[in-house]
Amino acid sequence: MFNIEDFDIKLDTEFIGRNFIYSDEVSSTNRLLLDTEEYSKHGAVLLAEYQSQGKGRKDRVWLSNSGQNLTFSILLKEKLKENYVNFINLGASLAVAQSIENLYQLKVELKWPNDVLINKKKVAGILLESVSRGNKIERLVIGIGINVNQPSFQTKFEIPPTSIRLEFNELISRERLLSDILNNFEHILTMLYHSTDKILSDWKSRCKMIGEKIKIIEGEQAKYGVLEDIDEKGFLVLRQGDKTELIHYGDVTLR
Ligand code: BTN
């Protein structure tokens, strides 16, 4: 059972998580924050103990044992300029990485666009979804799934999963972890409105794939090249011979 008081005591934000909704079971926290008019406060956070239809990137499902992990979404309604979205995406994985490093002294790696890895195993994933009217983004939902205390994993995945508990060898306080991530995320968001340089350099310093040969899977297609950089807009720069290409979306796998 998640203890809201323990969480609240450590929450040090102005707006992220100040409207906190806790639920035993939902279809998907992303879906609810995207679709429910009643949840409309900028910075609202919805945490569910169980999702019956948890969504992953690229139409995959996100499976997470009930009551052991963190599956939550953050709703943003203000300052949603198109060019901020890539950085909000990178910033969310950075916030998770910083919390895991600071609270448990574990080494965290980031994989573009936003997977969080420990010892080459996936500990957290992030899914951004939005509702737009015309060119204007009206709602942006940042969905974060973190394997926190799950002791084992059944299904086979492309990147093997792990949990923080498995890597740290101790039971983790989900309350402390969630408050810390939200504190970091608000700090990153505030920074982002002034400059994206620090977010980009902090993110890149945790990405071990830069300079490596990679394979990008887009639908049925695979592209091979070298991950040259993440550019100033947050896009992946793929080098193929003397050509470079900007990659906006896709699954990146080390070749
Ligand atoms: C991925 O790595 O494929 C992204 C996984 C995102 C999962 C989270 S759990 C909370 C939120 N609600 C969802 O349905 N999905 C995201």
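Which elements do the buried residues of α5 pack against? Keep that one in mind as you open the viewer; the tour comes back to it.

**Before you start**

This is a predicted model, in which local features need pLDDT of at least 70 and side-chain atom pairs count only at pLDDT 80 or more, while totals for chains, interfaces and linings use all residues. Residues are numbered from 1 along each chain as its sequence is written.

**Stop 1: the whole protein**

Show the protein as a cartoon, and you will find six helices and 12 strands. Helices (H or I, at least four residues) and strands (E, at least two) are DSSP runs, numbered from the N terminus. The radius of gyration is 18 Å, close to the 18 Å of the globule rule for 255 residues, so the protein is as compact as a globular protein of that length. Here the radius is taken over C-alpha atoms, and the rule is 2.2 Å times the number of residues to the power 0.38.

Buried residues make up 38% of the 255 residues. A residue is buried if 20 or more other C-beta atoms lie within 10 Å of its own, exposed if 12 or fewer, and partly exposed in between, with C-beta atoms placed from the backbone. Among contacts between residues at least 6 apart in sequence, 62% join residues at least 24 apart. Two residues are in contact if their C-beta atoms, placed from the backbone, lie within 7 Å.

**Stop 2: two domains**

Colour 4-204 as domain 1 and 213-254 as domain 2. These bounds come from an automatic or database domain assignment. The C-alpha centres of domain 1 and domain 2 are 24 Å apart. Nine residues from domain 1 and seven residues from domain 2 take part in the contact.

On the side of domain 1 that touches domain 2, select α3 (82-104) and α6 (197-204), each of which supplies at least two residues. The largest share of that side, four residues, comes from α3. By type, the side of domain 1 that touches domain 2 has four nonpolar, two polar and three charged residues. In this count Ala, Val, Leu, Ile, Met, Phe, Trp, Tyr, Cys and Pro are nonpolar, Asp, Glu, Lys and Arg are charged, and the others, Gly among them, are polar.

**Stop 3: along α3 and past its end**

Stay on α3 and check its length. At 1.5 Å a residue, its 23 residues should span 33 Å, and the end C-alpha atoms are 34 Å apart, which agrees. The expected span is 1.5 Å times one less than the number of residues.

Q105 has a positive phi of about 50° although it is not a glycine. With 8 C-beta neighbours inside 10 Å, Q105 counts as exposed.

Follow the chain to P113, in the loop between β4 (108-111) and β5 (115-118). The peptide bond from W112 to P113 is cis, with omega near 0°.

**Stop 4: the ligand**

Select the shell of 20 residues around the ligand; S28, G56, G125, G143 and G145 come nearest. A residue belongs here if its C-beta atom, placed from the backbone, lies within 6 Å of the molecule. The elements that give two or more residues to this shell are α2 (29-35), β3 (70-76), β6 (121-133) and β7 (136-146). The shell divides into five nonpolar, 11 polar and four charged residues.

**Stop 5: back to α5**

On the way, pick N169, in the loop between α4 and α5. Phi of N169 is near 65°, a positive value in a residue other than glycine, and N169 is exposed, with 8 other C-beta atoms within 10 Å.

Then select helix α5 (residues 174-192), whose 19 residues should span 27 Å at 1.5 Å a residue; the end C-alpha atoms are 26 Å apart, which agrees. Show side chains for its buried residues, including L177, L178, I181, F185 and L189. And the opening question? The buried residues of α5 pack against α1 (4-10), β2 (45-51), β3, α3 and α6.

**Last stop: E220**

Finish at E220, in the loop between β8 (213-218) and β9 (221-230). E220 is exposed, with 5 other C-beta atoms within 10 Å. Draw a C-alpha to C-alpha distance from E220 to I21: the two are 199 residues apart in sequence and 39 Å apart in space.
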